[in-house]
Amino acid sequence: MVRAALIHWAAALALGMGLGLGRWLSLPPAVAAATPVYFHLLMVGGVAQFIFGVAWWMFPPLSKARPRGDARWMWAVFFLLNGGLLLRALFEPWVAVDPIPLARWGLALSAVMLVAAGWIFVLHMWPRVKGR
């Protein structure tokens with residue numbers, strides 16, 4: 001997750017630079033439609049995913065036998081989060097330029113995947129939050 005977060009940060013920085021240059025280079029309006037993608041790559045793909053990865057590694061152990069719990073849940077979070085971001089990067093500009101039903105459904109699916117990743121992460125990590 002940490003490596004994927006770094007990749008998302010790099011992609012967000014490249015996209016942000018392209019969006020900034022687009023104002024001066026008179027790029028088509030479809031390019032400006034990628035602004036929400038920039039923020040999602042930066043905050044969800046970069047910041048949130050980095051926090052998820054570090055928290056999964058650093059939180060107090062669940063047990064000696066399985067200190068981090070069932071890793072399959074975190075793999076589900078990883079694939080839902082990154083798959084949702086990939087769909088969002090594809091469909092969000094598409095909806096802004098041409099809001100056909102396929103694009104709107106793809107964007108909705110991306111949102112469902114991202115929300116599911118967040119809830120699975122919370123439910124998986126909750127038992128590892130220990131009181132004093």
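**Entry 1. Terms and model**

I take helices (H or I, at least four residues) and strands (E, at least two) as DSSP runs, numbered from the N terminus. The model I examined is predicted, so I note the limits that come with it: local features need pLDDT of at least 70, side-chain atom pairs count only at pLDDT 80 or more, and totals for chains, interfaces and linings use all residues. I number residues from 1 along each chain as its sequence is written, and side-chain values use heavy atoms, with hydrogens and water left out.

**Entry 2. Overall fold**

I looked up the secondary structure and found five helices and zero strands. From the N terminus on, the order of elements is α-α-α-α-α. The C-alpha trace spans about 60 × 30 × 20 Å along its principal axes. The protein has 132 residues, and 33% of them are buried; I use buried for under 20% relative accessible area, exposed for over 50%, and partly exposed in between (1.4 Å probe, protein chains only). I then looked up contacts, meaning heavy atoms within 4.5 Å. Of the contacts with a separation of 6 or more, 74% are between residues 24 or more positions apart.

**Entry 3. Helix α3**

The 24 residues of α3 should span 34 Å, and the end C-alpha atoms are 33 Å apart, which agrees. I also recorded a bend of about 25° in α3 at Gln-49, where the bend at a residue is the angle between axes fitted to the seven residues ending there and the seven starting there. Gln-49 is itself among the buried residues of α3, which also include Val-37, Leu-41, Leu-42, Gly-46 and Phe-52. The buried residues of α3 pack against α1, α4 and α5 (101–125).

I list Gly-45 as buried because its relative accessible area is 0%. Not counting residues up to four places away in sequence, Gly-45 touches Ala-4, Ala-5, His-8, His-40 and Leu-85.

**Entry 4. Glu-92 in helix α4**

Is Glu-92 buried or exposed? Glu-92 is buried, since its relative accessible area is 14%. This residue is found in helix α4. With residues up to four places away in sequence not counted, Glu-92 touches Pro-36, Val-37, His-40, Leu-87 and Leu-107.

**Entry 5. Helix α5 and the segment after it**

For α5, the 25 residues should span 36 Å, and the end C-alpha atoms are 36 Å apart, which agrees. The buried residues of α5 include Ala-103, Gly-106, Leu-107, Ser-110, Met-113, Leu-114 and Ala-117. I recalled that an α-helix has 3.6 residues a turn, so residues three or four places apart point the same way. The buried residues of α5 pack against α3 and α4.

In the segment after α5 I found Trp-126. Trp-126 counts as exposed because its relative accessible area is 63%. The C-alpha atoms of Trp-126 and Leu-85, 41 residues apart along the chain, are separated by 24 Å.

**Entry 6. The largest pocket**

I searched for pockets on a 1 Å grid over the protein atoms alone; a pocket is an open set of points where a 1.4 Å probe fits, with protein on both sides within 12 Å along at least five of seven lines, and lining residues have an atom within 4 Å of a point. Grid points are joined across faces, edges and corners, and a volume is the space filled by probe spheres set on the points.

The largest pocket has a volume of about 210 Å³. Its lining is formed by Met-1, Val-2, Gly-53, Trp-56, Ala-71, Met-74, Trp-75 and Phe-78. At least two lining residues come from each of α3 (35–58) and α4 (71–97), and α4 gives the largest share, four residues. I sorted the lining by class, with Ala, Val, Leu, Ile, Met, Phe, Trp, Tyr, Cys and Pro as nonpolar, Asp, Glu, Lys and Arg as charged, and the others, Gly among them, as polar. The lining has seven nonpolar, one polar and no charged residues.

**Entry 7. The second largest pocket**

The second largest pocket holds about 180 Å³ of space. Among its lining residues are Gly-16, Leu-19, Arg-23, Pro-28, Val-31, Thr-35 and Tyr-38. Two or more lining residues come from each of α1 (2–25), α2 (29–32) and α3. Which element gives the largest share of this lining? That element is α1, with five residues. By class, the lining of the second largest pocket divides into six nonpolar, four polar and one charged.

Methods
Expected span 1.5 Å × (residues − 1).
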